[in-house]
Number of protein chains: 2
Amino acid sequence: MLAELERQLTKEVKPDDVPHLSELASATSIPDLISVVEHVPSDRGAVVFRLLSKDRALEVFEALDAGHQADLLDALRDDDVAILFTDLDPDDRAALLDEVPATIADKLLRGLPRHERDMTATLLGYPRGAIGRRMSPEVVPIRQHRTAGYAVELLRVREAEYETLYMVPVMDDTRRLVGVVSLRDLLTADPHTILTEIMSPPISVVATDDEEEAARQLLAVKRIAMPVVDAEQRIVGVLTVDDALEVVEAADTEDAARHGGHEPLRRPYLSTPVLKVVKARIVWLLVLAVSAVLTVQVLEVFEATLDQVVVLALFIPLLTGTGGNTGNQAATTVTRALALGDVWSRDVFAVLWREARVGFTLGAVLGAIGFVAASLVYGYDIGIVIALTLVSVCTMAASIGGVMPIIAKAVGADPAVFSNPFISTFCDATGLIMYFMIAKSVLGI
Amino acid sequence: MLAELERQLTKEVKPDDVPHLSELASATSIPDLISVVEHVPSDRGAVVFRLLSKDRALEVFEALDAGHQADLLDALRDDDVAILFTDLDPDDRAALLDEVPATIADKLLRGLPRHERDMTATLLGYPRGAIGRRMSPEVVPIRQHRTAGYAVELLRVREAEYETLYMVPVMDDTRRLVGVVSLRDLLTADPHTILTEIMSPPISVVATDDEEEAARQLLAVKRIAMPVVDAEQRIVGVLTVDDALEVVEAADTEDAARHGGHEPLRRPYLSTPVLKVVKARIVWLLVLAVSAVLTVQVLEVFEATLDQVVVLALFIPLLTGTGGNTGNQAATTVTRALALGDVWSRDVFAVLWREARVGFTLGAVLGAIGFVAASLVYGYDIGIVIALTLVSVCTMAASIGGVMPIIAKAVGADPAVFSNPFISTFCDATGLIMYFMIAKSVLGI
């Protein structure tokens with residue numbers, strides 16, 4: 001079904017094809033539909049979309065990220081858009097509004113019923129990047145002196161006002177969060193039990209907290225949802241695991257991009273214009289190339305040495321490459337350990353000491369092999385230069401690669417910004433200096 | 001509380017400290033306890049652990065990954081271990097058993113009550129890496145002709161036999177999966193409604209499916225859980241979002257490691273011995289260094305040219321570095337797009353064509369700047385060589401970086417294995433050949 005649906009969508013869609021397409025679309029499962037809509041150009045996605053029942057269309061739409069959603073809205077007819085937008089949850093709506101141009105955002109908001117518009121506006125009142133924008137305001141906290149039976153009945157009757165029924169915040173008389181109860185506990189407890197007896201201590205985030213941190217916190221404790229509170233601990237919303245996943249996925253895409261030395265694309269790769277891709281990459285590439293001019297200058301200083309012993313030039317890419325790889329290995333390990341909470345900022349000296357030893361050992365192994373190989377081909381002297389350089393470069397590169405992410409985090413920068421390419425460039429220049437210093441003293445030039 | 005608790009744990013714990021520590025531990029929140037236990041050496045973690053109430057201890061333990069769990073079990077007294085192990089869910093137990101030595105695994109299994117042991121053994125019957133090992137067998141499907149009221153009552157009474165109450169599989173008379181109902185729908189429906197009327201079509205995975213793929217599928221559809229079936233569509237278990245998160249986190253850590261050119265560490269960074277870290281890195285570093293010998297050979301071929309115009313050596317790191325960075329940018333984008341389903345294997349030519357254009361444009365911009373800068377310092381001829389090389393190298397590097405992940409995936413390899421360092425090394429050698437060919441023809445040597 002999937003392959004056939006895709007094949008149909010690669011050619012132009014004629015009115016005659018609609019019945020067949022419609023049949024294919026209804027026989028395709030939701031996960032397959034999601035991947036089709038993400039993959040084909042958005043005008044074709046819109047065709048599939050109109051063929052789905054309202055419920056299925058909404059389920060597919062909600063699973064798309066905000067970038068894909070905005071593209072699709074663009075391609076849909078106005079009345080389709082209005083219906084879809086009204087049926088979205090307020091938090092998904094806020095995320096989507098960040099993606100569309102301001103004029104369209106206004107139009108979309110004006111089409112909403114009063115109550116829905118108010119809820120969306122509340123979310124938009126939090127700063128960009130705050131979890132307040134991604135939470136759902138749809139939650140009715142229950143007072144702590146109520147019984148489990150009352151709570152179940154309330155959930156049943158006011159179900160439409162809840163984003164999730166499975167984690168319900170419990171409040172005191174001033175709407176301050178005092179605990180949470182799961183629907184599971186409510187259902188299995190004796191109906192006369194007072195909530196204070198079955199609630200668990202709340203794990204909550206503040207609405208102005210950074211969205212990525214808050215989302216990771218929810219995923220770390222492996223709960224389905226957690227309450228969001230204001231500065232006075234009053235309940236203002238709920239963060240569910242599906243929204244947390246979306247936030248983390250977007251953040252990971254950004255991190256991966258920075259790690260590869262470019263700005264993240266806001267749209268799916270294949271539908272981003274070539275010039276936008278160039279724009280996302282050129283600045284970093286320029287910065288890196290300009291820093292690499294440092295290596296030209298280092299080499300210029302040693303040009304006389306190079307001229308005397310031109311064989312030294314042969315090893316330049318090997319040595320800088322090995323330094324860069326060693327530095328990247330260390331940086332990747334430490335960045336990941338920071339993200340998982342295995343390493344903290346104040347461990348900087350422990351990390352430095354570990355990486356220096358690791359780098360030295362790696363350098364010693366590579367140096368021994370390099371010594372034998374280079375001695376055989378280029379003579380004993382060159383062998384010694386290569387070996388000593390590998391030991392020094394690996395020790396230096398591992399140490400720098402290891403502490404860079406920690407320093408980045410300490411000064412409040414994203415560790416991914418001090419990304420692998422930067423570490424490579426830095427190690428290149430430092431490694432070349434070491435190389436020629438060692439060569440000059442060993443070869444006596 | 002957190003800082004004080006950590007400070008106390010860095011020094012030796014004396015019997016007199018226990019009351020104070022105990023007070024600190026009970027005042028610390030679950031997320032903070034998790035990060036403390038993940039961060040301190042496991043013998044100290046075990047101290048904190050014994051001070052917690054059984055429920056809090058279990059909640060912390062369940063949030064740790066299997067590596068941390070195995071370390072902690074090692075450090076705990078035998079009776080603590082037996083209690084913890086028995087209280088774990090069968091799926092978490094199966095994951096943990098993969099981490100501890102076989103003799104300990106046997107001992108742990110023998111301590112389990114019969115019924116629990118059977119459930120764990122069922123999971124261990126699936127091959128390593130299959131989702132059957134990570135699912136929970138604790139689910140009682142409900143027959144499709146039952147009513148919503150009956151279902152709610154069944155969930156209430158047999159609650160202990162369910163991993164989750166929030167998504168319940170619905171079966172026909174042969175235990176085949178026909179749909180799922182959410183507890184939310186059960187609770188809000190009229191109690192006399194037949195399940196077939198309110199159930200939704202199931203999204204399920206097969207128990208022998210790859211764990212990472214299955215977990216990502218659940219996270220992609222943003223549901224709380226999904227049924228796991230056997231080859232005949234019979235319900236054998238349930239995969240919950242928290243277990244899916246654990247699988248994906250472990251897979252991401254592995255990918256990040258491969259991307260940085262080393263094997264993943266199985267233990268937290270700071271508690272892994274230095275020699276194990278060296279072992280995880282040395283093989284890849286050696287392979288990369290040996291491939292970099294290619295660059296030495298390429299340069300050897302052009303040694304005469306280098307000897308004539310030694311200034312050409314100055315630009316080697318700049319040119320290879322820029323090529324590597326361009327290739328990595330493309331590889332990172334395409335790897336991520338593959339993971340998100342934005343790009344599929346059969347898009348290889350579309351990607352190649354895009355990246356060739358992107359690379360050419362990037363090379364043209366850098367080449368123009370490089371021409372001006374190099375001409376001013378080293379003369380017009382060198383300027384032309386640098387400009388032409390940048391254009392060719394960037395076009396080649398972006399094309400290779402873009403298609404490498406797709407080729408890796410097509411031949412069944414992990415795209416992260418054809419990692420950035422490999423692309424850099426490959427681009428280095430190819431770029432050097434281009435550089436010297438261009439230099440020879442422009443400079444007429």
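I looked up R93(B) and found that it lies over the face of F85(B), 5.9 Å from the ring centre. I took a charge to sit over a ring if NZ of Lys or CZ of Arg is within 6 Å of the ring centre and within 35 degrees of the ring normal. In chain A, the charged end of R93(A) sits over the ring of F85(A), at 5.8 Å from its centre.

I note that this is a predicted model, in which local features need pLDDT of at least 70 and side-chain atom pairs count only at pLDDT 80 or more, whereas totals for chains, interfaces and linings use all residues. Residues are numbered from 1 along each chain as its sequence is written, chains are lettered from A, and side-chain values use heavy atoms, without hydrogens and water.

Rings of Phe, Tyr and Trp (its six-membered ring) pair if their centres lie within 6.5 Å; planes under 30 degrees apart count as stacked, over 60 as edge-to-face and the rest as tilted. F371(B) and Y380(B) have ring centres 6.0 Å apart and planes at 75°, so I recorded the pair as edge-to-face. F371(B) is partly exposed at 28% relative accessibility, and Y380(B) is exposed at 55%. Here buried means under 20% relative accessible area, exposed over 50%, and partly exposed in between (1.4 Å probe, protein chains only). The pair of Y435(B) and F436(B) is tilted, with 5.1 Å between centres and 55° between planes; both residues are buried.
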